[in-house]
Amino acid sequence: MRQMTLVGFLQAQNCTNFVGSWRHPEARQDFTSAEYYRRIGRALEAGKFHLGFFDDRLAMPDRFGGDHAHTVANGIRCVKLDPITILTVMGMATERLGLGATFSTTYFEPFHVARVFATLDLVTDGRAAWNIVTSMNDGEALNMGHASHGEHDRRYDRADEFLEVVMGHWDAWDDGAIVADRETGLFAHPDKVRRLDHQGEYFHSRGPFTVPRSAQGHPVLIQAGQSGRGQKFAARWAECVFVAYHGLDQAQRDYAGFKTQVAAAGRDPEKVFVCAGVYPVVAETRAEAEDHVALIDALPKQIDSLSLLSEVLNFDFSKQPIDTPFTQDQLDSWTGVQGMRDRIKRVLGNRLPTPRDFIDITRRGTFHDHPRFIGSPKDVADGMEEWFATRACDGFVVAASHVPGAYEDFSRLVVPELQRRGLFHTDYTGVTLRENLGLDRPAVDAWQ
C-alpha cells in the first residue's frame, strides 16, 4: 500500500519559516543552543518522520529599504546558524531520522559541497540529504563576494553542471575500495578510486575525491524549484521535491504535470516524492485548535510580509506604494523566485499586481502561505488523507507555528491517526534514509 512521506520543515534561526513563531508564548528562546535542536530532532523521530531538513539563506532579509534595521528589530529571520553544524548535533541525538540541509550551487564549489555532505552521510550512517538551491537575491550575492545575483535560468544551467561534478565525485570510490589490510600493507585498491578531471563551462574540478561511499551510496537529493526551469532541473535530479501548492485542484494538476516531466527525463515517477508544504494545527478538540489558530494569526506584522517578499523576489518593495501596480518591465526584471510571480499572474490574469496583491495572494510572512489543516487529530488526518489519496502529493513538508511544541503535538496526536488508517509507516524500515524512503541504493554512475 502506498504510504505518505513526512518531512519536518526546519530553520537554524530565531524562528520557524513562519516569522511570527518567535512571538508565540510557547516558543523556546534558546535557538542558539544544542538542546534546542536535539529536542526538535527527538520530536520528529518520535513521530517517525522520514526527514528533517533545514531551509537556509546566505543573508538576513535586508532588501526592503536596503537596510537590516527592520529585520533585526522585528526578528525577521535575522539569526541564521550554519545548518550542517546543527545537523551534526541533531544526528547525535537521533538514530533513524533523515538529516537534510540547504546548500547553494551559486555560491559554493562542487568539491566542497560534495565533501561536506558525503562526510555528514558517513558520520550519520547514511541519513544525509542535500536541499539544492540556486539562491535568490542580491543580499546573498554581496555576502559571498558578488556584485549582484545572476539571471534565473542561467543559475539553473550552472546548477546542472554543478550536480554533474558533485555526482562524479561521489562516485569516485567503489564499494569495497578500502581493505585496511595490516598484514599486506594495502589500505585501499588504487583501481577502485578514480579522478574526475571535469572541464566544463562553469567548473573545473580534478579530484580524486577524498570521502568513500556511504551506507546509502550518496546523500538523497531534495529540490524546491517550481518555475518552468526549476521543474526541469528537479525532474532530472531530485528524489524528494518540496512544493508550495495553494489549493487541492491546482495541486492535482501540478503534481500530474511534474510526474510527467520526471518520466520524460527517463526516471521512475514513483521514486520521486512530491511533498507539499502545510501548516497543521492540532489539539485534542477542534475548538481548542481554533483557539490556537486565533493566537497564531495575531502574531504576524505587515513588515514581515513586505520584508520576505523583497527577499524572495529580489526587489525592494519599499520603492513601490502599496496600492500602485507594478509595471510589466519591473516584473520582468526580477531575478528572485519565478514561481511566486507566475502564481500572481495566474490569479490576476492580465491585471498588473500591486504590493498589496502580493501580500494578499501569497500570504508571505503569515501562517497562511501554505494550506492549513486545523482541528482534532481526525480533522487534520482527514485533510492530509484527501490530498494524499487524490494524488495531489506523495507526502507533506510539515511547517510549525512554534517549536518544538508544534512538532511534539503533531507526533503525539496526528501520527497515530495516520498510522491507524494505514497511511503512514509504523516504524522505520532500515538505518539509512534511502531505506526508509523506499529508494534503491544507487550503483556507481547510475545517474549517468
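**View 1. Arg 364, a buried loop residue.** Arg 364 has a relative accessible area of 13%, so it counts as buried, the cut-off being under 20%. The model shown here and in the other views is predicted. Arg 364 lies in the loop that links helix H13 (355–362) to strand E12 (372–375). With residues up to four places away in sequence set aside, the contacts of Arg 364 are Arg 57, Arg 77, Ser 305, Leu 308, Leu 309, Val 312, Met 340, Ile 359 and Asp 369. Phe 396 is 32 residues from Arg 364 along the chain, and their C-alpha atoms are separated by 19 Å.

**View 2. The packing of helix H12 (residues 338–348) against H13.** The two axes are 11 Å apart, at an angle of about 95°. H12 and H13 are therefore roughly perpendicular to each other. On the H12 side the contact is made by Met 340, Arg 343, Ile 344, Val 347 and Leu 348, and on the H13 side by Asp 357, Phe 358, Ile 361 and Thr 362. Sorted by class, these residues are six nonpolar, one polar and two charged. Met 340 of H12 is also among the residues touched by Arg 364 in View 1.

**View 3. The crossing of helix H14 (residues 377–389) and helix H15 (residues 405–420).** The axes come within 9 Å and cross at roughly 60°, and H14 and H15 are therefore oblique to each other. The crossing of H14 past H15 is right-handed. Pro 377, Lys 378, Val 380, Ala 381 and Met 384 of H14 are in contact with Phe 410, Leu 413, Val 414, Glu 417 and Leu 418 of H15. By class, the contact has eight nonpolar, no polar and two charged residues.

**View 4. Gly 47, in the loop between H1 and strand E2 (51–55).** The relative accessibility of Gly 47 is 0%, so the residue counts as buried. Beyond its neighbours within four places in sequence, Gly 47 contacts Ser 411, Val 415 and Phe 424. Asp 445 is 398 residues from Gly 47 in sequence, and the C-alpha to C-alpha separation of this pair is 35 Å.

**View 5. The packing of helix H1 (residues 34–46) against helix H3 (residues 83–93).** The axes are 8 Å apart and the packing angle is about 55°; H1 and H3 are therefore oblique to each other. H1 passes H3 in a right-handed crossing. From H1, the contact takes in Ala 34, Tyr 37, Arg 38, Gly 41 and Arg 42; from H3, it takes in Ile 86, Val 89, Met 90 and Ala 93. The class counts for this contact are six nonpolar, one polar and two charged.

**View 6. Helix H4 (residues 110–123) and its buried residues.** H4 has 14 residues, which at 1.5 Å a residue should span 20 Å; the C-alpha atoms at its ends are 20 Å apart, so the two values agree. The buried residues of H4 are Pro 110, Val 113, Ala 114, Val 116, Phe 117, Ala 118, Leu 120 and Asp 121. Their cover includes H3, strand E3 (98–104), strand E4 (128–133) and helix H6 (152–170). After H4 comes Asp 125, with a positive phi near 60°.

Notes
Residues numbered from 1 in each chain as written. Predicted model: local features only at pLDDT ≥ 70, side-chain atom pairs only at ≥ 80, totals over all residues. Heavy atoms only, no water. Axes fitted to C-alpha atoms, helices over the stretch in contact; angles between N-to-C directions. Helix = DSSP H or I, 4+ residues; strand = E, 2+ residues; numbered from the N terminus. Parallel < 35°, antiparallel > 145°, perpendicular 65-115°, else oblique. Left-handed = near helix turned anticlockwise from the far one by under 90°. Contact = heavy atoms within 4.5 Å. Nonpolar A, V, L, I, M, F, W, Y, C, P; charged D, E, K, R; others polar. Expected span 1.5 Å × (residues − 1). Buried < 20%, exposed > 50% of the residue type's maximum accessible area, 1.4 Å probe, protein only.
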